[in-house]
Amino acid sequence: MRTADIQRLADEEVMVLLRDGNPDAFEVIYDRHGGAAFSLAYRMVGDRNVAEDITQEAFLSMWRSRVRFDRERGSVRAWVLGIVHHRTIDALRRNVAHDRRRVTVEGLEERQEAPERERTEVEVARRDEAREVREAMQTLPGEQLEVVRLAYFGGFTHTEIAEMLSQPIGTVKGRMRLGLEKMRRALTPEEAAT
Amino acid sequence: MSEPRDQFTDDIGAYLLGALDPGEERAFEQHLEGCEDCRQEVMRLEVARDALPRAVDQVAPPERLKQSLMATVRAEAPADSADVAPAEPVAPPGRLRDAVASSRPRRSRWRELLLARPAFAAAAAAVLLAVGIALGALVGAVGGDGDDASTVAATVDVTRMPAGKASLVVPESKDGAILRVEGMQQPQAGHVYEVWIQHDGKVTPSSLFSVDSDGNGTAGIPDELRDAEAVLVTREPTGGSTRPSEPPVVTVPLSS
């Protein structure tokens, strides 16, 4: 199957080809999700070269352990970003612990770089999607949003966050779960209403 | 739905956000295997967790990242996979050229932090003597597409990699290379192999790679190698290091 044919397939179908070791399938998956993966890593580490290395390592691990993708557990995109998130957290906790101690929630926000020029309609759609998710995040009370950001984007453990905020660990864990619950409701209003 | 009622309930949010310590995470995942309520709750809240990366402003990755990845993937692809060139002892010259044609050495604050490491260079020389393996030599050349590529044998530190073998495929232009390794040990958890380029006794970081269960792996090296003295490999923490943490396990001497 040629690359042009593969490009017409859904992610899950491309993954079947990738599982068989098809490099063109890998290229299609990278083209679709490499940018989001790099952006997430960059958002978390604030260094383009480190983000590049993490993204490279994550995609190679997908190539070499592709049988691990379980289509019953979610989308390919979520799978890819989950791998990148895990690896970025590993890198953060291992390499830049001292710098991270200085990071504040404001600092995390400042890590975001102005988006580069839009190239495709897909990128425009993703910016709309980003706005929708940010609006959902803004429905969270400040203390819930703070712990969600520190944990997910900052890579801090609940223990570290509890220390930073001088709050009991149980309180921090509770805010994390409540924050996710509120975000879920904001993102899936129909389901939440039932 | 019924609420899960156990001591792990409070950990669900932290688990989804990656905020548990490794030990806690393992314990929680073991608990999940036997707790349907918690599994359902995790799956219910995953939609929120999975949305978080979509809030991030999109930043285009450098083109060399794709080039490096595809050079490695195509080199590792099984011979019978669709649209893959027949297996060859070295990377297909055309693809190698494609992989490195527009690559440039990285110039970043991260890389500029790297300082001269004379001790590291001395250690590398010591390893060469200790393992008693002949220095790498030009062992072959592959023609085709007007861009010859040579395979340079590497020296592997057999005290740490008893079954290890490595070779470097370098195009005539030396605009990059592909490193192939066999029989290497899996890096310990949370570690990868990192490639370094040595110039004038100083080393700069290049690609990261890992190996499969047989210890085989391939790394695309986008850096120019015209003036390089050697390509080296060490084991480093995930994400790579700015300077080597150990003497090289693989050394490929190059003649400028």
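**Two chains, step by step**

Author: Start with chain A: it has twelve helices and zero strands. Bear in mind that this is a predicted model.

Reader: How do the elements of chain A run from the N terminus on?

Author: They run α-α-α-α-α-α-α-α-α-α-α-α.

Reader: And what share of chain A's residues is buried?

Author: Of the 194 residues in chain A, 45% are buried. As for contacts in chain A between residues at least 6 apart in sequence, 61% join residues at least 24 apart.

Reader: Switching topic. How many residues of chain B are in contact with chain A?

Author: 57 residues of chain B, and they touch 74 residues of chain A. The elements of chain B that give two or more residues to its side of this contact include α1 (11–16), α3 (36–51) and β7 (202–209).

Reader: Which element gives the largest share?

Author: α4(B), with eight residues. By class, the side of chain B that touches chain A has 31 nonpolar, twelve polar and 14 charged residues.

Reader: You mentioned a strand. What sheet is there in chain B?

Author: An open one of five strands, in the order β3-β10-β9-β6-β7, with antiparallel pairing.

Reader: Why are β3 and β7 of chain B left without a neighbour on one side?

Author: Both stand at the edges of the sheet and each has a single partner strand, so one side of each has no neighbour there.

Reader: And how many bridges link β9 and β10 of chain B?

Author: Four, in the antiparallel sense, between β9 (residues 230–237) and β10 (residues 250–253) of chain B. To find one pair, look at B:V231, whose bridge partner in β10(B) is B:V252.

Methods: Residues are numbered from 1 along each chain as its sequence is written. Chains are lettered from A and ligands numbered from 1 in the order in which they are written. This is a predicted model: local features need pLDDT of at least 70, side-chain atom pairs count only at pLDDT 80 or more; totals for chains, interfaces and linings use all residues. Two residues are in contact if their C-beta atoms, placed from the backbone, lie within 7 Å. Ala, Val, Leu, Ile, Met, Phe, Trp, Tyr, Cys and Pro count as nonpolar, Asp, Glu, Lys and Arg as charged, and the others, Gly among them, as polar. Two strands pair if DSSP finds at least two bridges between them. A residue is buried if 20 or more other C-beta atoms lie within 10 Å of its own, exposed if 12 or fewer, and partly exposed in between; C-beta atoms are placed from the backbone.
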